[in-house]
Each structure stands twice: as C-alpha cells, then as structure tokens.
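Subject: Structure handover

Hello,

Here is the structure you will be working with. Please open it beside this email and follow along.

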Amino acid sequence: MSQDTTAYSADAVEPDTPAPGDERPENRIDRRKTVVLTVLGIAIVAVMWYVATSTDGPMARVFSGVLREAISPQTAAVAIAVVGLNIHFGFTGLLNIGQAGFMLLGAYGFAIALNEGAGLPLAVLVGLGASVAFALLLGVPTLKLRGDYLAIVTISAAEIVRYTGRLSQLTEYTGGSQGLPGSRYRGEFTDLSFFGDGRTTIGPWSYQNTGVDGWWARAVSWAVVLLVVIVVALLVRSPWGRLLRGIREDEDAIRSLGKNVYAVKMQALIIGGGLGALGGMLYVLPSSVQADQMGRQLTFFIWTALLLGGAATIFGPVLGAIIFFSVRILIRGVTNAYVPDSILNTQQTEQFSWVVVGVILMLLVIFRPQGILGNKRELQFNA
Amino acid sequence: MPEKTSASAATPDTTANPYADPAARKELVRGIEARPGSSKPDPILEVDNIVRNFGGITAVDVDHLEVQRNIITALIGPNGAGKTTFFNLITGFDKPTSAQTLTHRPEAPAHWSFDGKALDNTSASAVSRAGMVRTFQLTKALNRMTVMDNMMLGARGQTGENLLTSWLKPTWRAQEREIEGKAHELLQRFTLYEKRHDYAGSLSGGQRKLLEMARALMTDPQMIMLDEPMAGVNPALTQSLLGHIQGLRDEGVTVLFVEHDMHMVRHISDWVVVMAEGRIVAEGEADVVMADKAVIDAYLGAHHDTDLGDDSLLTDETMANLQDEAAAEEKHRD
Ligand SMILES: Nc1ncnc2c1ncn2[C@@H]1O[C@H](COP(=O)(O)OP(=O)(O)OP(=O)(O)O)[C@@H](O)[C@H]1O
Ligand SMILES: [Mg+2]
C-alpha cells in the first residue's frame, strides 16, 4: 500500500496545470506503469521463446508448453467470458457467480442449432439469444433487489443448466452426460478456413493450418477477443460506462439523478452474459460440448482470471486469462521435470499445480488486490 | 462565479421568478395562512395522507402539506422528527404505509403530486426526472470515481448514456464538452474545482456535501430538496453557498431544505415548516414560527418560555459549539 500512496501524493504535489485536454495527473503514472508492464511482459515471453526454441532440455519443453497454452483457443474463449464478467462485476458491481452457465448455454444453443441444420450465423444468434433469455430470466426478478440475490440466483441457475444438459431424456439434443462431439457441428466452421492444408510452425507453435485445433481456430478465436476488447473499451469509456461505474458505487445516488438504474443493470447483465455465451461457442469449437467442463470450476477460473488481471480494466481480463492458464502449465511442467515420480507422479503434479494456483491467488488478493493492471488508488476507498 | 449570484440578487430576473423581488416575496408570504397544512397560492408540491410506520413507531404522519413554487421553504424539527423519512417518501426512495396497493386499500390513501403530476407510484429515478431532485443527509459520493465523473453523471439527456449510441463517440463528444463546461462552472462555485481529478472518496465530509449539492444541480432541477446541506461546511463557505441558494431561487428553482441551524433557516428561508414526531406542527415565516409555542415545546419540551429565535439561546458560542459538534459527527461518520 505504501508504495502506491507515496507515488500518488508525490504526484499530487505537482502543480495542477489545466493542460490542453485537461489531463488527469494520475494518467502519467498509469502510462509509466503500462510501459513497465509491457516491457516486462515482452522480456518474459522472449526468454521463454528463446529457451523453448534454441535450447534442449526439460525447460525447453516446459516453456513451449506454456507458450502453446497461452494462445490456445480455449484460453481465448475463457478470456472473452472474463471480459463479460468484467462488465458485470468490474464495472457494474453485479455479482454473477454463474458465468460458466452463460458459456454452457451459448455452447448448447450454438451446437444444437448447427446439428439441426442451421447455418453458422444463425447458430451464433441462437447461442446469443439463449444467453439473452437467460439474462432476462435471472435479471428481471433480482436486479431490483440487493446484489446478493443475483449471486444466489446465478450460481444455482448455472447448475440447473448443467444438470439439464446432462439429462438422459435430452440425449437426442444435448448428448446427455456424454456430451456432443465436436465433429458433429464443427464442419461449417472449418470449411470457412482459407488457411489451406498443411502445417505451419512459428517458434514453439506448430499446428495444422486448418485442422480441428489448428491455426484457423486460433486466429478466429483471438480475432474475436480483439474485437470484443475494442467494443467493450468503446462502451466502458463512454458516458454509458460511466453510468455503470456510478451504479457500482451507489445505485441510490444514480437514481436520485434520474437514471433508470434497473434498465442499465439489465443491459450490463445481457452484454456480459452474451460475451459469456460467445466464449462458450469458441470454447467448444475445437473440442466438444461437455456440460461438466463448464461448471462451477470454470466459473471459478473466470473469477480468478478477472481478479488476477484486474477488475474494471480494459486488458486485465485477457491478460488474466492468459496468465492464469499459462502459469498452471508452467507449474505442472516444472514439477514434472524436477520432482521425481516417487514424490509426485504425473497425476499428482496435475493436482499440485491447482494447489499452487490457489496459493498464488491468495497471495495476490493479499498483496495486490487490484490485480496486475488494476488501480490501487481506487481500492483505498471502499464503495 | 459568485458574482453571478450577487448580480442576480441585485437585479432580480422577474421573468424566471416573479418572487425574485424581496418585496413581492414578502407580499406573497403575508398572504399565506400560518397554520399546519395551509394552502398556498401556487403549490409546486402537494402531499396528502402520507404515513410511514416502522414497526410500532410512526415516523411520518402528514395529513396535508403544500410547498409554494419559487420560494425557499425550510423543513425543521428535532432529531427523529421524520424529516429525512418524509424526503425519502416523496422522492420514491421509500413507500408510505398508507400507499394504495392491490391488497391494501386504506381509507385515506397517500397521494402526492409534483407540478400537477401524481407521484404516488413513481420510482425514485422518475421523480428525479420529473424535476424534483434531492440530496442525502448521509452523503452518497461515488467514492471510486473522480469528482468530475460524479458531476458528469448528473447531466440529463446524455446521448452517450444510451447503449446504442454510446460506442459512437462522435454522437456525444460535443455534448460531453458542454456538460464539462457546466460542471467546471459549478465546481468553481462550490470550491471543488481544484479537486476535480481526485477520487470522491478522498474528499472530506463537508466537501462531499458540497459535491452532492453541485451534482444535484447538474440536473437543472425545478425543485431541489436538500437534507442538511450545510452540516459540516465551514461558516465562510456556508455564507457564500447560502447566497448561491438564494441565487437559484431567483432563477426560478424551488428550494426545500432540512436544517438544524436556526440562523441559517432565518437567514434564507421564506417559509418554514416544522415537523415533530412525524407531524407538521407549525408553518409560517421564520420569526413567527420560532416564537410559536408548539414549536418550542417540540424542540425543548413543554413549559419553556423562551423563543427559539431568541439570540440568548443561539449565541455565537452555541453556534460554535454546534459547528464543532457537526464536525465531530462528520468525522465519526467516516
Ligand atoms: N429504516 C428505519 N427503520 C426503523 N426506524 C426508522 C428507519 N428510518 C427512520 N426511522 C425512525 O423514524 C424516525 C424519523 O427518522 P428520520 O431519519 O426521518 O428523522 P429526521 O427528522 O431526519 O432526524 P434528524 O434531524 O436527526 O436527521 C426516527 O425515530 C427513526 O428512528
Ligand atoms: Mg434527517
């Protein structure tokens, strides 16, 4: 805490000249921080890249695994869901503890529509439509009440979606507990690829150009991430975004100013949930729809990634998702490479990696509660 | 900006408000009967049968109240009289026990209207949009937002607050500039301009009061309801803000404010309404009301033969004490 406070007060002493554009003094600190973090990030990636491609040893394998995980389509898909949760929690203060439910619903809507013969655009719309309906269903009764109600309702509704998806009576559509294999709905998406056949290798990344889980899936997923981040940045930096933050701080104050708080909260719930659904669709494209893959655990990952990257920031969610998944692979790889099997076997290292991730999260909340990109000054004032 | 206030006081703009002229105001007030629930020539707010029970206790029980347009009305009363609850009720932040619902049909249902529009079943935000804007006794600054962002949220009809146009900056850039200009002007008047980039959470208790009042004014209200606006504001600034409130009145804004500081009440209010134990016990001009037996009883208990406006009761020393208390209270609150 002391570090940031001194930085702030030192800055506050500087004469506050109303420069053109009326710049905020703290913007200077933020820019400095951005530069430092960017340089640090590039350096880390460069080192891992070098070790992965130019050396030969256990760490080469570990680092190439980490770099592969960082750009996997699943990481991108979760990143989009995290951006959605950021709209809910980071900007509006809505406690959605069922973001994976939105993902699963989007995935089901998308995959089932494709299986039933709908085209790709229509299937995407079905997935999004399902999430909008879900958001309305959850929001209408709870958004007028205090925040805790939404939390309870989302966590249970997400479970209901998961259990419904697993019902054997619905096997024809959802595949029941077996799930829907990706091969049944992926066709149209892979056919769209203009990457051609063959295989391309860039450093540690070696994938088929199209394939099931190749460059095409990665390119599309990350392009969507980029698009989503741009749109969300435009939204939250607008007066509408200001309204969201106002609602997060004090709903009643915003009501007293004549704003329709309920409608705005509903808009935020729908947009964030829709992004969850979009993430869900991308998540299942290279794999399959498995209800149990999108349960409470995934919601927990999404929350972790958000807090790690920094709530109420633009790039925090994406960075958080990338780091969350990469670090786990790193821990698993290092343990596998250096801890003998007699102490931790492969299965145990898998579990151990989750334990370490949990410990890191705890340390993070204690020592850097604002996340990597978050603004500590904001945290000094509890809402 | 203070010049503007004094300027408008010197040459009252009688087109915006016929009662900007003190003589006209005196004349108007003379014509109103000084009894609880008296009728006003041109009421902007009319309230009937508003009752609020909290469990066993009746916090508010107002049979009838009219608030005259274009003047400053003070609502006074001892602690726990129900002033804040009354504010909450008419601004839609609380529901009267006497409200009519599907299952509950009271004999005398609560009914209140602002500027001719019934507000019985209106949400807080719709009340505000109708032109009746309030501040809170316990300030609601948006802590993790800058002072400027707090202010900007007050402005009405922002294109950029519409989800569909919000992401298209060109549609709202010009309007945003305009609002910024207005916010700067108000912040200067409320001596918060230098703080505009600070987080509202870093403001002192008194500064938060100022911010909230300035933010409410961003809405261009027809009527502003201030709940203890000067609690914790230093005397010099209080003076200048009182001038500002009078300036608002002269521009045509109706003011209803709750205040414990009798000096302030006497200084700026044109009309005073007294509440005690949830009821309106007296109405009238400040001097008349403060000499009223029912009012003194309400404040000091029965059998006192002083008058509340009596300066022996409110010496500078008592004033100073009161101010200290207010400051201590603010501190305690944070
Ligand atoms: N939410 C509540 N629950 C229970 N009782 C309440 C509630 N709000 C107010 N009251 C009671 O209603 C009465 C009136 O309270 P209110 O806050 O309106 O007084 P007030 O006139 O604003 O007083 P003050 O001058 O101290 O601000 C008090 O007796 C209070 O205890
Ligand atoms: Mg009160």
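**A cavity in chain A**

The count comes to one cavity of 30 Å³ or more. A cavity here is a set of points, on a 1 Å grid over the protein atoms alone, where a 1.4 Å probe fits but cannot get out. Grid points are joined across faces, edges and corners, and the volume is the space filled by probe spheres set on the points. Rolling a probe the size of a water molecule over the atoms shows where empty space is left.

The largest cavity has a volume of about 30 Å³. Its lining is made of Ile97(A), Ile155(A), Ala158(A), Glu159(A), Met294(A), Gly295(A), Arg296(A) and Thr299(A). Lining residues have an atom within 4 Å of a point. Four of them are nonpolar, two polar and two charged. In this scheme Ala, Val, Leu, Ile, Met, Phe, Trp, Tyr, Cys and Pro are nonpolar, Asp, Glu, Lys and Arg are charged, and the others, Gly among them, are polar.

Helix H7 (147–166) and helix H14 (296–309) of chain A each supply at least two lining residues. H7(A) gives the most, with three. Helices (H or I, at least four residues) and strands (E, at least two) are DSSP runs, numbered from the N terminus.

**How to read the model**

This is a predicted model, where local features need pLDDT of at least 70, side-chain atom pairs count only at pLDDT 80 or more, and totals for chains, interfaces and linings use all residues. Residues are numbered from 1 along each chain as its sequence is written, chains are lettered from A and ligands numbered from 1 in the order in which they are written, and side-chain values use heavy atoms, with hydrogens and water left out.

Asn86(A) lies in helix H4 (residues 73–92). Asn86(A) is buried, at 2% relative accessibility. Buried means under 20% relative accessible area, exposed over 50%, and partly exposed in between (1.4 Å probe, protein chains only). A polar atom of the Asn86(A) side chain lies 2.8 Å from the backbone nitrogen of Ala312(A). Beyond four places in sequence, Asn86(A) touches Phe91(A), Leu306(A), Ala311(A), Ala312(A), Thr313(A) and Pro317(A). Contact means heavy atoms within 4.5 Å.

Gly316(A) is in helix H15 (residues 316–338). Gly316(A) is buried too, at 0%. Leaving aside neighbours within four places, Gly316(A) is in contact with Ala305(A), Gly309(A), Gly310(A) and Leu373(A).

**The magnesium ion**

Which residues coordinate the magnesium ion (ligand 2)? They are Thr84(B), through OG1, and Gln137(B), through OE1, at 1.9 to 2.1 Å. The two are 53 residues apart: Thr84(B) is in helix H3 (residues 83–90), and Gln137(B) is in the loop between strand E6 (132–134) and helix H5 (147–152) of chain B. Donors are N, O and S atoms within 2.8 Å of the metal (3.2 Å for Na, K and Ca); water is not among the atoms, so sites may look incomplete. Thr84(B) is partly exposed at 25%. Gln137(B) is partly exposed at 24%.

**Positive phi in chain B**

Most residues other than glycine have a negative phi. Asn70(B) has a positive phi, near 70°. Asn70(B) sits in the loop between strand E2 (57–68) and strand E3 (72–76), and is buried at 9%. Thr191(B) also has a positive phi, about 55°. Thr191(B) lies in the loop between helix H7 (169–189) and helix H8 (205–217) of chain B, and is partly exposed at 48%.

Best wishes

Conventions: A polar contact is a pair of N or O atoms within 3.5 Å; within protein, one must be able to donate a hydrogen and the other to accept it, and residues adjacent in sequence count only if both atoms are side-chain atoms. On a 1 Å grid over the protein atoms alone, a cavity is a set of points where a 1.4 Å probe fits but cannot get out, and a pocket is an open set with protein on both sides within 12 Å along at least five of seven lines; lining residues have an atom within 4 Å of a point.
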